[in-house]
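Student: Could you show me how to read charged side chains in a model? I'd like to go from the general idea to real cases.

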Amino acid sequence: MAQLIKLQDYVSRYEQNIVLYPSRFVRLKKQQWTGLKRAFDTKDRSLFYIENPIEDNWLMEKPTLLERVKKTILNRNKLEETEVAKINDSQKKEEDEEELDFDYDAKKYKHPQSIDELKQQFLNQLFEFQLKWASSTLTEMSEVKKTLYYDDLLKYFLQRFPDTFLVLYQPLFQLKNAPVELDTIIVTPTEVWCIHVLEAENSAVFVGSNDKFWLKKKGDKEKKILSPVISINRTEKIVKGILEKYDTTLPVQKVILTRNGYVDFPAPPYDLKIIEKRNYEDWFYKMRNNHSPIKAIQLKAAESLLHYGLTNSKRRYEWDTEES
């Protein structure tokens with residue numbers, strides 16, 4: 001699952017420490033998934049919500065005497081750990097708040113019937129957790145629009161790509177005292193991708209040209225749209241300028257992407273990639289199978305871009321209360 005390091009003009013904890021949070025996210029995700037998968041494989045009924053006990057026989061096997069003894073010991077150990085935690089709570093409060101540990105809540109869903117269903121439930125909750133990291137810090141927070149929780153394109157970029165991909169989704173940059181809205185940027189270990197997405201009716205055809213407007217066709221209907229080349233060129237120019245300023249040498253790719261349609265562009269610029277229904281699967285497979293680990297040059301590139309990110313936020317209420 002890719003990491004959301006910047007969401008529009010929201011405050012992001014990745015802006016505070018781009019070295020710490022990517023590795024922390026990977027660790028939290030791995031720990032939670034390992035425990036969750038183990039619970040599913042062992043039919044741990046203490047974790048999964050039982051909607052209909054009669055139908056959920058696989059979760060209703062009675063515990064053996066040995067299991068009951070183990071549970072008693074575990075509960076006793078948990079009580080002891082709780083007491084120790086209370087002693088150290090005041091010292092660890094700030095660190096715990098900053099960590100924002102991700103805890104999977106199985107009660108939000110009907111119990112999964114397969115490992116794939118469990119994985120999707122896990123990714124959906126992890127998606128909500130990412131929105132928290134991309135809209136809050138220990139002292140600041142931005143108000144997240146409800147529509148973003150149901151943004152299929154945002155979910156696509158996060159849930160379908162590797163953990164090592166760092167995503168700036170529809171970011172606003174502050175350049176020369178003016179805000180500029182850019183296309184989505186993905187910083188991978190080996191490249192920076194600037195992506196303009198064309199989403200329309202299934203199998204719509206976009207007729208491209210070097211003019212200011214393109215033509216969208218679906219059946220007998222035609223509609224003029226602003227050329228996406230204008231937007232993607234602006235994004236690429238800004239990204240390249242920032243990377244050059246910070247002496248970062250990652251190559252920059254610019255893409256016009258339509259997953260469910262076609263692009264008819266007879267003479268596209270040589271440095272523009274057109275990804276549409278006919279070649280989408282090949283591109284998607286290559287992106288998904290980028291197994292390179294997070295690299296220092298990648299983090300440097302991400303930090304450089306975040307430096308220009310526009311941020312609108314307010315102080316957390318509890319911090320103002322404590323100061324008062």
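Predicted model: local features only at pLDDT ≥ 70, side-chain atom pairs only at ≥ 80, totals over all residues.

Student: How many salt bridges does a search of the whole structure find?

Tutor: It finds 10. To call one, look for a Lys or Arg side-chain nitrogen within 4 Å of an Asp or Glu carboxyl oxygen. Take E201 and K216, whose closest N and O atoms are 3.2 Å apart. That pair links distant parts of the chain: E201 sits in the loop between strand 7 and strand 8, while K216 is in strand 9, 15 residues apart.

Student: Is K216 buried or exposed?

Tutor: Buried counts as under 20% relative accessible area, so K216, with 15%, is buried. E201, at 38%, is partly exposed.

Student: Which residues share salt-bridge partners in one network?

Tutor: Start with E236. Its side chain meets K240 in a salt bridge at 3.3 Å, N to O; because they are 4 residues apart in helix 5, about one helical turn separates them. E236 also pairs with K254, at 3.2 Å. K254 lies in strand 11, so this pair ties together parts 18 residues apart in sequence. Shared partners join E236, K240, K254 and D271 into one network. As for burial, K254 is buried at 5% and E236 at 9%, whereas K240 is partly exposed at 34%.

Technical notes: Residues numbered from 1 in each chain as written. Heavy atoms only, no water. Helix = DSSP H or I, 4+ residues; strand = E, 2+ residues; numbered from the N terminus. Buried < 20%, exposed > 50% of the residue type's maximum accessible area, 1.4 Å probe, protein only.
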